[in-house]
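Let us go through this structure in a series of questions and answers. The sequence and the coordinates come first.

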Amino acid sequence: MRLTTYNQVSVPSFMYGTAWKKDATAPLVQLAVESGFTAIDAANQLIHYQEALVGAALQSLAQKGIQRETLFLQTKFTSADGQDHRTPYDASADLTTQVRQSFDSSLNHLHTDYLDSYVLHAPFSRRGLGEADWEVWAAMEELYQSGKTKMIGISNVTAPQLALLCQQATIRPMMVQNRCFAALAWDKQVREICRANGIIYQGFSLLTANQQIISDPAIRMIAQRIGASLAQVIFRFAMQVGMLPLTGTTREQHMKEDLAAEQFLLTDDEVQRIEMIAL
Ligand SMILES: NC(=O)c1ccc[n+]([C@@H]2O[C@H](COP(=O)([O-])OP(=O)(O)OC[C@H]3O[C@@H](n4cnc5c(N)ncnc54)[C@H](OP(=O)(O)O)[C@@H]3O)[C@@H](O)[C@H]2O)c1
């Protein structure tokens, strides 16, 4: 199963996230790809990600015949607020330069000359979008127009911010990546804006942000009915409401289990029950 962006890019329907893997990043990325993941999420942010080790894994995979073109690579520009002293750009330079330098550094880390998706890790502003956000977004648009990335997107964005970006940007995002809380109807407001604008919604922390919900008796019953695990029910639910889920599992068995969620089918009634479960 694949999803398609409004600019006609085909995107795999499940993504492997590389945050917090530290030195295990390279072997885990290899294992994820060998287990069947074809989309990888990273960020050029050493506090949480080892982008260069993702690149090392890609080199090993290439030696085994898995070519870069068969993979979907996504990484992020993280502002200095989200970095420690190891910024992948000159933090005293203007923001446009920072985005360009960070992007070039990502290409180097990942041993590629293009990205499939480039993401603004978070807006600078908590409410609305300020001058810094617009400058960074314009730099991202420029990267997209140069052909160096097939899509641009934004993460950790609120519904009003996304609506504003869609209205006022020259190029609206092709994807959004947000933490997905059941208590917010699984980020329904943001998902609706995405749907209306042909934007792919990527949900992260589907399991970790909703631990109590996952063991709710209603979810247990659904899992029992289809013979799936609780995690598989959540990932399958995410897919059926049009999301692209991320998983950051560190275990081969869970990698396979997570991917197998594509093979189950929830009824419309079950999907609705899960959507409203925490409201
Ligand atoms: N844009 C952002 O600001 C942002 C922020 C956070 C994350 N992300 C991205 O999203 C990715 C995923 O993050 P996440 O928060 O969703 O995941 P995560 O924190 O890596 O956690 C996944 C958790 O779920 C467990 N799990 C996975 N599959 C399971 C299964 N089938 N059964 C039981 N447990 C299972 C894992 O345990 P095991 O390891 O034992 O399987 C792990 O504890 C990150 O790596 C990163 O790429 C982006």
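Q: How many aromatic pairs does the structure hold?
A: The model discussed here is a predicted one. Two rings of Phe, Tyr or Trp pair if their centres lie within 6.5 Å, and the number of aromatic pairs that the structure holds is 6.

Q: Why is the pair of Tyr-16 and Phe-37 tilted, and where in the chain does Phe-37 lie?
A: The ring centres of Tyr-16 and Phe-37 are 5.6 Å apart and their planes stand at 50°, so the pair is tilted. This pair links distant parts of the chain, 21 residues apart, with Tyr-16 in strand S3 (residues 15-17). Phe-37, for its part, lies in the loop between helix H1 (25-35) and strand S4 (39-41).

Q: Which helix supplies the largest share of the shell around the ligand?
A: The ligand is surrounded by 26 residues, which divide into 7 nonpolar, 13 polar and 6 charged. Strand S8 (175-179), strand S10 (244-247) and helix H10 (252-260) each supply at least two residues of this shell. The largest share, 3 residues, comes from H10.

Technical notes: Residues are numbered from 1 along each chain as its sequence is written. This is a predicted model: local features need pLDDT of at least 70, side-chain atom pairs count only at pLDDT 80 or more; totals for chains, interfaces and linings use all residues. Side-chain values use heavy atoms; hydrogens and water are left out. A residue is near a molecule or strand if one of its heavy atoms lies within 4 Å of it. Helices (H or I, at least four residues) and strands (E, at least two) are DSSP runs, numbered from the N terminus. Ala, Val, Leu, Ile, Met, Phe, Trp, Tyr, Cys and Pro count as nonpolar, Asp, Glu, Lys and Arg as charged, and the others, Gly among them, as polar. Rings of Phe, Tyr and Trp (its six-membered ring) pair if their centres lie within 6.5 Å; planes under 30 degrees apart count as stacked, over 60 as edge-to-face and the rest as tilted.
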